[in-house]
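Please read them alongside the coordinates.

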Amino acid sequence: MSATTERDAGSVRVLWQAAGAEWAKLWSVRSTWRCLAAAFTLMVLAAVTLGGASATEALREAGPAAAPVPASEAAVSATSFAQFALVALAMLTITAEYASGSIRVTLQAVPVRGVMLAAKALVLAPVMAATGVLSGAAATAAVYALLSLDVFGGLVVLPAGELVRDLAGIGVYFALIAVLTLGAGAALRSAAGTLTVVFMLLMGLPLLLMMTGSGPAVAMSLRMPLFAGLAFMGSTDNMTGGPIPYPAGEGLAWLLAWTAAVLAAGHAVLRRRDA
């Protein structure tokens, strides 16, 4: 075995061990369970509210001839609200260590900054993806049950292909937003600063740019993480009643680009600054 191969095998082994430690840390604190519970609750409540509103509006405009509402579509829209519970969890995985000083122990155990950050991302991403799929399924079931009631005239459908696509999209979106938040936390180290920056990046700045009415500003806002994620998940609503003017594949590309840029910024700060 060559020296390069041995070095690569050693790096993979260290990464695997670091990921195991991060997995144990993630599930050993109460905040993890609270944030996941909050995400589930917000997904279901927001989806039921949005689904009910969509059905009510459709009935008011078209009566019994209204087109049925896809139940999973409301779950996709609900991600705009539920994502912040998972942002809080992703943020705490690194900012809590800086606040307590335990980041020094972490970096002594895994001195290569990139490996430490990659281990956290490898743990966060599948947990967030699973949370997205499960909470999306619960939200879809709740919407389907609600809109099946006589008061809504059974104005609901649940196409299997669309359901699979929407749930997979929610899972990928939550995973990428969590990794983006991790990168922001690594760069800023402060819980308040990280939450503020991520909120502005996801919601505040896009909506402010949208409100300007300027063509370039609106085009920029529609390519920021939230709208890119909505496009990827198949939503055509830009939250102001207009369409998102590009396909799902481009939405995923923009979302990946934002995630990679913020994660790279976090890694750069980690390499330059001491704990």
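1. Buried means under 20% relative accessible area, exposed means over 50%, and partly exposed lies in between, with a 1.4 Å probe and protein chains only. By that rule threonine 140 is buried, because its relative accessible area is 2%. This is a predicted model, in which local features need pLDDT of at least 70 and side-chain atom pairs count only at pLDDT 80 or more, while totals for chains, interfaces and linings use all residues. Residues are numbered from 1 along each chain as its sequence is written, and side-chain values use heavy atoms, with hydrogens and water left out.

2. Threonine 140 sits in helix α5; helices (H or I, at least four residues) and strands (E, at least two) are DSSP runs, numbered from the N terminus. Which residues does threonine 140 contact, leaving aside its neighbours within four places in sequence? They are Ala71, Ser72, Ala75, Leu158, Leu163 and Leu167, where contact means heavy atoms within 4.5 Å. Valine 48 is 92 residues from threonine 140 in sequence, and the two C-alpha atoms are 8.4 Å apart.

3. The protein has ten helices and two strands, in the order α-α-β-α-α-α-β-α-α-α-α-α along the sequence. Along the principal axes, the C-alpha atoms fill a box of roughly 70 × 40 × 40 Å. Of the 275 residues, 45% count as buried. Among contacts between residues at least 6 apart in sequence, 76% join residues at least 24 apart.

4. Helix α3 is largely enclosed by the rest of the structure, because 22 of its 30 residues are buried. Its end C-alpha atoms are 43 Å apart, in agreement with the 44 Å that 30 residues should span at 1.5 Å a residue; the expected span is 1.5 Å times one less than the number of residues. A kink of about 50 degrees in α3 is centred on serine 80, the bend being the angle between axes fitted to the seven residues ending at a residue and the seven starting there. Just after α3, glycine 101 takes a positive phi of about 85 degrees.

5. The whole structure holds four aromatic pairs. Rings of Phe, Tyr and Trp (its six-membered ring) pair if their centres lie within 6.5 Å; planes under 30 degrees apart count as stacked, over 60 as edge-to-face and the rest as tilted. Phenylalanine 84 and phenylalanine 199 form a tilted pair, at 5.5 Å centre to centre and 45 degrees between the planes. Because phenylalanine 84 lies in α3 and phenylalanine 199 in α7, this pair ties together parts 115 residues apart in sequence. Phenylalanine 199 is partly exposed, at 39% relative accessibility.

6. Helix α10 (residues 248-272) has 25 residues and reaches 36 Å from its first C-alpha to its last, close to the 36 Å expected. Its buried residues include Gly251, Leu255, Thr259 and Val262. Among the elements covering the buried residues of α10 are α3 (71-100), α5 (113-147) and α6 (160-188).
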